[in-house]
Amino acid sequence: MNSKSDKLIHRKVSSRSIPIQKVCEVGVYLPETSNIIDFIKQGKETILIEPEPNSIQAIESYFQNYNNVTLVPVAIYKYNGILTLSKAEASTFVSDLPASPALINDHYQIDDKKNIDVECKLFSTIDKGDIDLLSIDTEGSEWYVLSTMISRPKIISIETHGKFYINPFLKEIKNWLIENDYEVWFKDKSDTVSCRKGLINLSLKEKVNLRLINFYLWFRRNKKYLKL
């Protein structure tokens, strides 16, 4: 979750003059924290997907005068129907997941009284195949977006890690990216951003930064096991 008004992904895409016409974010939380808010304010055609009722209300209010924004109030999952979500402060996640940031980093104990049932859909029922930039932050269920996606966006941002947390479907995500000709462009403390191969040539600085962030992430996860 990043509340800065000028997101790193927007700065990086703008610095490379990558043409973006349509953007999509799955798992928005609050509108002010949207990872693609800069693109929205530029007038790019936008799909926002969010299942949590309070967040839906906030998104509707914040973007009510933005004709370029379509809000789809559902969760993305592996079937169309009803899905149970657990709520842990700012984190809303699929209750059946083996791991999520709230479970791993915050040691959240699922409380059935705080669970909510929401409508869920396959991403393929929403995706028309024309998304240029996709941001996915669904607290552990990001794979369910990729697994039925029709589009092949130029840029894909996925929450893959964070402190001690590692996405439970990281292997599937990595394999999908390789099989569909993507390469890792950059990472931050929670997200991995990949681009279509051939879209850009990574600079030496970007390659070095990627090595450094990989080491930092490894060290942060393993420092409690290291004898320093």
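A: Two strands pair if DSSP finds at least two bridges between them. Strands (E, at least two residues) and helices (H or I, at least four) are DSSP runs, numbered from the N terminus. This is a predicted model, in which local features need pLDDT of at least 70 and side-chain atom pairs count only at pLDDT 80 or more, while totals for chains, interfaces and linings use all residues. Residues are numbered from 1 along each chain as its sequence is written, and side-chain values use heavy atoms, with hydrogens and water left out.

Let's begin with the strands. An open sheet is formed by four of them, in the order β4-β7-β5-β6, with mixed pairing. Its edges are β4 (75–76) and β6 (91–94), and each of these pairs on one side only. Follow β5, residues 81–88, and you will find four bridges joining it to β6, with the two strands running antiparallel. One place to look is A88, whose bridge partner in β6 is S91.

V184 stands opposite S194 of β13, and a hairpin of three residues connects β12 to β13. D181 has a positive phi, near 65 degrees, although it is not a glycine. D181 is partly exposed, because its relative accessible area is 43%; the scale calls a residue buried under 20%, exposed over 50% and partly exposed in between (1.4 Å probe, protein chains only). E139 also has a positive phi in a residue other than glycine, this time near 60 degrees. You will find E139 in the loop between β8 (133–136) and α5 (143–146). With a relative accessible area of 12%, E139 is buried.

Now turn to the aromatic rings. Rings of Phe, Tyr and Trp (its six-membered ring) pair if their centres lie within 6.5 Å, and planes under 30 degrees apart count as stacked, over 60 as edge-to-face and the rest as tilted. Take Y77 and Y79: their ring centres are 5.0 Å apart and their planes stand at 85 degrees, so the pair is edge-to-face. Y77 is buried, at 6% relative accessible area, whereas Y79 is partly exposed at 33%. Another edge-to-face pair is F93 with Y108, because the planes are at 90 degrees and the centres 6.1 Å apart. This pair links distant parts of the chain: F93 sits in strand β6 and Y108 in the loop between α4 (101–105) and β7 (116–121), 15 residues apart. Both F93 and Y108 are buried. Coming back to Y77 and Y79, you can see that they share one aromatic cluster with Y144 and F169.

Finally, look at the charged side chains. A salt bridge is a side-chain nitrogen of Lys or Arg within 4 Å of a carboxyl oxygen of Asp or Glu, and the structure holds five of them. In one, K12 meets E206, with 3.0 Å between the closest N and O atoms. Because K12 belongs to helix α1 (residues 8–15) and E206 to helix α7, this contact ties together parts that are 194 residues apart in sequence. K12 and E206 are both buried. E206 also forms a salt bridge with R16, where the closest N and O atoms are 2.6 Å apart. R16 comes from the loop between α1 and β1 (22–26), so its bridge to E206 in helix α7 ties together parts 190 residues apart in sequence. E206 has a relative accessible area of 9%, while R16 is partly exposed at 27%. Put together, K12, R16 and E206 are linked in a network of salt bridges.

One more salt bridge deserves a look: D130 with K22, whose closest N and O atoms are 3.0 Å apart. This pair also links distant parts of the chain, with D130 in the loop between β7 and β8 and K22 in strand β1, 108 residues apart. D130 counts as partly exposed, at 37% relative accessibility. K22, by contrast, is buried at 5%.
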